[in-house]
Amino acid sequence: MSDILLNIENLEAWYGDAKVLHGISFGLKRGEVIALIGANGAGKSTLLRSICGLMKKKTGTISFDGTVISGRQANEIVGLGIAMVPEGRRLFPSLSVEENLLVGGNTGRKGPWSLKAVYELFPVLRERRHTPSTALSGGQQQMVAIGRGLMSNPDLILLDELSLGLAPIIIKDIYELLPKIIGNGLTAILVEQDVTRALASSQQFLCLQEGKITLEGEPQAFSRDQISAAYFGM
Amino acid sequence: MVWVNIIIQGILVGGLYALFAAGLSLIFGVMRLVNIAHGDLIVAAAFLSLAIVQASGINPLASLLIVVPLAMAFGYGLQRGILNRTLGKDILPPLLVTFGLSVILQNGLLELFTADSRKLNAGLIETASFPLLPGVAIGYLPLLQFAVAVIVIWGLQYLFYNTSLGRAFRATSDDPETALLMGLDQRKVYAWAMALCLGVVAIAGVFLGIRSNFDPFMGPGRLIFGFEAVIIGGLGNLWGTLLGGVVLGVAQAIGAQINPGWQLLAGHLVFLLVLAFRPRGLFPKVDG
């Protein structure tokens, strides 16, 4: 078993004619959490969408656990062990909390996560399991989105903007649970606007600017100024 | 008592209209597809039953055991092979393609079975009845037809809200892209929905063929009844669709009693009134 779980080589991606990722290459070790930082429009979400198979127009190679997945459909990729917690949560409005979680477990992959385990992580969801997902608060919706991703028992979880639109106290709660979420040796890519929080929660980081990697490495290895410069392109 | 009888007979016919409509409602709910060929598929199922009955001599009701699975397989293939390719942001391609399918089905049936009017013969059940009240006799066939409609609607409702396939239908209908991230391939989910729809279409077709004469060109009329029942009942609500069928059936029965020429007109008028005053239907789905 190779040490590298996810390997990306020379990834380029387009929305229509607009090229949004330019020659992205990096590797992600098993069990590692990597933070993806960058300003709005830097290409962070596009990178995640490319990995999970939602970007139609892209070139380059993405391999996961030794298998090339860049040509695969999103519905196959989740079955191989990559779960996405999408930006804006994207819960299914006509499904209850529990149904949203059950749909997440649709692939039938075995592992530590089940309805019971998700309810132990987020007890409030058990109380509200029959509630329509739209009737929850933003923080609770984010818990459902995370739980739904975990239900597929992934090896790699992509967390896109966990804190978007949430109150600071809720963000704090969710980040306090992060070690439990990515325990069990789960590998994670964390996309976050809140740079300080993202860097504090990860072993590695990548800084993107206009679709290119401007800085990468361990967060402790760089000064604040160096990271700011890479982030803003100064 | 005459009017009680008329209303009861209208309600029972409404069951058949609900069967016409349930598949339309299901398909629209899952994939926002308006299937113009729906009525022709109902008629095609009646002809398929006729062919099986003629070849084997079995009762048309027994032919359901063959017609339903064949129709479901056809529906699955139709969706995978043709209709999935037409779905997208533009609503025109599926309309055009199903319109084309309607023309092909009508002409195909004409070629195979000629323009003669046919009927499925189910035997004694067609005329047998029991007295409910003085002057009100309930036919076993209309009662069976209504009971089957209730069971079909209940079954679809159960499937939608209590099974993993139902969750897949609703999740894909809500947000196909996110459903893909859960491993739900919309092409397959839609194909299963169409298979189920055609299963219901097959049941509707066989009951239609037992109840009245049919010919290759009566599909569009059944499509209109189906549409009217769906819209009277309220889009996206299967029990509403059953009630929509009943409202249509009762309106037609009352119209026919006043003047035989008014049967269809009365149904269309009720439909127009609902569209004018309750455009979301009498029993719209509660959002959220």
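## A covered strand in chain A

In this predicted model, strand E8 of chain A, residues 187-191, is mostly covered, with 5 of its 5 residues buried. The cover extends to both faces of E8(A): Thr187(A), Ile189(A) and Val191(A) are buried on one side, and Ala188(A) and Leu190(A) are buried on the other.

On one flank, E8(A) pairs with strand E3 of chain A (residues 33-37) in the parallel sense, over 4 bridges, and here Ile34(A) has Ile189(A) of E8(A) as its bridge partner. Strand E7 of chain A (residues 156-160) is also parallel to E8(A) and is joined to it by 5 bridges, with Asp160(A) standing opposite Val191(A) of E8(A). Between E7(A) and E8(A) the chain passes through helix H7 of chain A (residues 168-181), in a β-α-β crossover that is right-handed.

## The sheet around it

These pairings belong to an open sheet of 6 strands in chain A, whose order is E6-E7-E8-E3-E9-E10 and whose pairing is mixed. Strand E6 (82-85) and strand E10 (212-217) of chain A stand at the edges, and because each has a single partner strand, one side of each is left without a neighbour in the sheet. From one strand to the next, the twist averages 15°.

Further along the sheet, E3(A) is joined by 4 bridges to strand E9 of chain A (residues 204-209), and these two strands run parallel; within this pair, Leu206(A) of E9(A) is the bridge partner of Leu36(A). Two helices of chain A lie across parts of the sheet: helix H6 (residues 138-150) lies across E6 and E7 of chain A and runs at about 170° to E6(A), whereas helix H9 (residues 224-232) lies across E3, E9 and E10 of chain A and runs at about 40° to E9(A).

## A kinked helix in chain B

In chain B, helix H3 (residues 60-86) has a kink of about 45°, centred on Gln79(B). Gln79(B) is itself among the buried residues of H3(B), which also include Pro60(B), Leu64(B), Val68(B), Met72(B), Gly75(B) and Leu83(B).

## The surroundings of Ile153(B)

Ile153(B) is found in helix H5 of chain B, residues 140-162. Is Ile153(B) buried or exposed? It counts as buried because 24 C-beta neighbours lie inside 10 Å, where the cut-off for a buried residue is 20 or more.

Leaving aside residues up to four places away in sequence, Ile153(B) touches Ala18(B), Ala22(B), Leu238(B), Trp239(B), Thr241(B) and Leu242(B). For one of these, Ala22(B), the C-alpha atom is separated from that of Ile153(B) by 7.1 Å, although the two residues are 131 residues apart along the chain.

## Where the chains meet

The contact between the chains takes 21 residues from chain A and 14 residues from chain B. On the side of chain A that touches chain B, the elements giving two or more residues are helix H2 (74-80) and helix H3 (97-104) of chain A. By class, this side of chain A has 12 nonpolar, 7 polar and 2 charged residues.

Key. Residues are numbered from 1 along each chain as its sequence is written. Chains are lettered from A and ligands numbered from 1 in the order in which they are written. This is a predicted model: local features need pLDDT of at least 70, side-chain atom pairs count only at pLDDT 80 or more; totals for chains, interfaces and linings use all residues. A residue is buried if 20 or more other C-beta atoms lie within 10 Å of its own, exposed if 12 or fewer, and partly exposed in between; C-beta atoms are placed from the backbone. Two strands pair if DSSP finds at least two bridges between them. A crossover is right-handed if, with the strands pointing away from the viewer, the path from the first strand over the helix to the second runs clockwise. Two residues are in contact if their C-beta atoms, placed from the backbone, lie within 7 Å. Axes are lines fitted to C-alpha atoms, for helices over the stretch in contact, and angles run from 0 to 180 degrees between N-to-C directions. The bend at a residue is the angle between axes fitted to the seven residues ending there and the seven starting there. Ala, Val, Leu, Ile, Met, Phe, Trp, Tyr, Cys and Pro count as nonpolar, Asp, Glu, Lys and Arg as charged, and the others, Gly among them, as polar.
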